[in-house]
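Please walk through this fold with the structure open.

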Amino acid sequence: MSYSVLVCDDSVVARKQVIRCLNGIIDADICQASNGREALEVLAERHIDLLCLDLTMPVLDGIGVLEAIKRQVIETYVVVISADIQDEMKTRVAKLGALEFLEKPVKPESLQATLSKFGIR
């Protein structure tokens, strides 16, 4: 089964690293966004099974994306991948509907464990 995945991060290097991890784990049609506004545009245009989302980005940050997803009732799994690993931030993104919070740079085994936990294989 192929999944539609959106990787949203303002860093090209970070996006490529996440994509490499995903390609080793699941069969996916992967698209990219460099900020939250671009991510919301993609989510409005097509169904995305999984959103890998950074928090600190220009234009619209990850919290803004999570708030919009919740407000607009967009059906997608969200895994936050960020260097901002403060407990308050982890709690905040969980309340906004993120399935998991993974630290940057993401480790393939952490991402695989998270996806398996939620039935994405």
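Is the crossing in which H3 passes H4 left-handed or right-handed? H3 passes H4 in a left-handed crossing. A crossing is left-handed if the near helix is turned anticlockwise from the far one by less than a right angle, and right-handed if clockwise. The model is predicted, so local features need pLDDT of at least 70 and side-chain atom pairs count only at pLDDT 80 or more, while totals for chains, interfaces and linings use all residues. Residues are numbered from 1 along each chain as its sequence is written, and side-chain values use heavy atoms, with hydrogens and water left out.

Stay with this pair. The axes of H3 and helix H4 (residues 87–95) come within 10 Å and cross at roughly 20 degrees. That makes H3 roughly parallel to H4. Angles under 35 degrees count as roughly parallel, over 145 as roughly antiparallel, 65 to 115 as roughly perpendicular and the rest as oblique. The axes are lines fitted to C-alpha atoms, for helices over the stretch in contact, and angles run from 0 to 180 degrees between N-to-C directions. Helices (H or I, at least four residues) and strands (E, at least two) are DSSP runs, numbered from the N terminus.

On the H3 side, Ile63, Leu66, Glu67 and Lys70 meet Met89, Arg92, Val93 and Lys95 of H4. By class, this contact has four nonpolar, no polar and four charged residues. Ala, Val, Leu, Ile, Met, Phe, Trp, Tyr, Cys and Pro count as nonpolar, Asp, Glu, Lys and Arg as charged, and the others, Gly among them, as polar. Contact means heavy atoms within 4.5 Å.

Pick out arginine 92, which lies in helix H4. Its neighbours within four places in sequence set aside, arginine 92 is in contact with Ile63 and Glu67. At 42% relative accessibility, arginine 92 counts as partly exposed. Buried means under 20% relative accessible area, exposed over 50%, and partly exposed in between (1.4 Å probe, protein chains only). Between arginine 92 and isoleucine 120 there are 24 Å in space, C-alpha to C-alpha, and 28 residues in sequence.

Now turn to the contact of H3 with H2. The axes of helix H2 (residues 36–45) and helix H3 (residues 62–72) come within 9 Å and cross at roughly 25 degrees. H2 and H3 are therefore roughly parallel to each other. Their crossing is right-handed. Gly36, Leu40 and Leu43 in H2 meet Val65, Ala68 and Ile69 in H3. This contact has five nonpolar, one polar and no charged residues.

Which residues of H2 are buried? They are Gly36, Ala39, Leu40, Val42 and Leu43. These cover an arc of only 160 degrees around the axis, which puts them on the same side of H2. The arc is that of the directions from the helix axis to the C-beta atoms. Their cover includes strand S1 (3–8), strand S2 (28–33), S3 and H3. The face of H2 turned away from the buried side carries the exposed residues Ala44 and Glu45.

Helix H5 (residues 108–117) has the buried residues Leu111, Thr114 and Leu115. They cover an arc of only 95 degrees around the axis, which puts them on the same side of H5. Helix H1 (12–23), strand S3 (50–53), strand S4 (77–82) and strand S5 (100–103) are among what covers them. Exposed Glu109 and Lys117 sit on the face of H5 turned away from its buried side.

At 5% relative accessibility, threonine 114 counts as buried. Residues up to four places away in sequence not counted, threonine 114 touches Val79, Glu100 and Leu102.

Finish with the backbone. Just after H5, glycine 119 takes a positive phi of about 80 degrees. Valine 59, in the loop between S3 and H3, has a positive phi near 70 degrees without being a glycine. Valine 59 is exposed, with a relative accessible area of 53%. Valine 73, in the loop between H3 and S4, is not a glycine either and has a positive phi of about 50 degrees. Valine 73 is exposed, at 59%. The peptide bond from lysine 104 to proline 105 is cis, with omega near -10 degrees. Proline 105 is found in the loop between S5 and H5.
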